[in-house]
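Subject: Structure handover

Dear colleague,

Please read the notes with the model open beside them.

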Amino acid sequence: MAKPYKNVKLSTSDYQLELFLDYFNKRIRIDHYRGNMTQILQEISHISNEDFCEKVLFYSHPEHWQELLSHGYELEGVIPGYFSGTHNYVMTLYTKNERRTSQYWVKENEILQDIKNKGLNMNDKLVPTDYSFRKAEVGDTRQLAELYGKVFQVYPTPMNDQQYVKTMIEGGTYFYLVEYQNEIVSAASADVNTIFHNAELTDCATLKVHRKHGLMKKLLTYLEQDLRKNGIYYTYSLARALSFGMNYAFYQLGYQYHGRLINNCYIFDKLEDMNIWGKDLSS
């Protein structure tokens, strides 16, 4: 089976460029760049002509996002503090009209409005005592993979693969989990970017029968505590725009909404829009 993604580093005397070729989600993401912008954009234009690519995401520094506008890119959101405290302007370019069109935009706006109307609830739910929280270990990879396989029909990364989860934990990704009667019923991770000193809170999954206890909010709090201890102060997440629960959890934890990525990835059961939520843990 072909690998679902590939990291590519390009280096010339005029520029440095790091790309994430995401074959599964039919997109290219520019993670890091420096040097001659004209040549960088020419190279990206060449690569985006490959058959698999329907969307380009360019993680842009503040000084370049307007230049990208002049090349047909558009601003879909901002990740605050992403570049060691400097904002990341997420610029996108589409190669197919259908990928540019969101079928659920109005409904997703209504979900955001419902969250704001509901307001902040300062009284945390009391989790029943038969649920236990802890940091994940390599020995948990089989159960974690099984959890993700049960919760998501489709996921943008192969989280239902035990070896993939093992590689993530060994590579420094933080995982916290919840156990109930010796079974992992909920989990979340923090993917730490050691170059730019940020972390993405991701891989949030809870078995449906256990979703009424506010487990995810507590898991995310544990992850935030670990990040703060290790000097990572800027954190963000991309939440399914159609999920009231996940977006409400981030809102309750003090995250701010910073835009929406259209048809960003295959998750749950289809190609979905993702809301950007960001937070400065130092404040």
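N263 counts as buried, at 8% relative accessibility, where buried means under 20% relative accessible area, exposed over 50% and partly exposed in between, with a 1.4 Å probe and protein chains only. The residue is found in strand β12, residues 256-267, and has a positive phi of about 40° although it is not a glycine. Helices (H or I, at least four residues) and strands (E, at least two) are DSSP runs numbered from the N terminus.

Before going further, please keep in mind that this is a predicted model, in which local features need pLDDT of at least 70 and side-chain atom pairs count only at pLDDT 80 or more, while totals for chains, interfaces and linings use all residues. Residues are numbered from 1 along each chain as its sequence is written, and side-chain values use heavy atoms, with hydrogens and water left out.

A positive phi in a residue other than glycine also occurs at H197, where the value is near 60°. H197 sits in the loop between β9 (183-193) and β10 (198-206), and at 39% relative accessibility it counts as partly exposed.

Turning to the chain as a whole, there are eight helices and 13 strands. For 283 residues a compact globule would have a radius of gyration near 19 Å, and the chain agrees with this at 19 Å; the radius is taken over C-alpha atoms, and the globule rule is 2.2 Å times the number of residues to the power 0.38. Along the principal axes, the C-alpha atoms fill a box of roughly 60 × 40 × 35 Å. Buried residues make up 52% of the 283 residues, and the chain exposes about 14100 Å², of which carbon and sulfur atoms supply 48%, with areas from the Shrake-Rupley method and a 1.4 Å probe, and, for residues, only the protein chains shown counting as cover. Among contacts (heavy atoms within 4.5 Å) between residues at least 6 apart in sequence, 64% join residues at least 24 apart.

T141 lies in helix α5, residues 141-151, and counts as buried at 3% relative accessibility; leaving aside neighbours within four places in sequence, T141 is in contact with Q162, V165, K166 and I169. R34, in strand β3 (residues 27-35), has its C-alpha atom 11 Å from that of L10, which is 24 residues away along the chain. With neighbours within four places in sequence again left out, R34 is in contact with Y15, Q16 and I40.

Finally, the cysteines. The structure holds zero disulfides, a disulfide being a pair of cysteine sulfur atoms within 2.5 Å. C53 is in no disulfide, and the nearest cysteine sulfur, that of C265, is 15 Å away; C53 is buried, with a relative accessible area of 2%. C204 is likewise in no disulfide, with the sulfur of C265 again the nearest cysteine sulfur, here 13 Å away, and C204 is buried at a relative accessible area of 13%.
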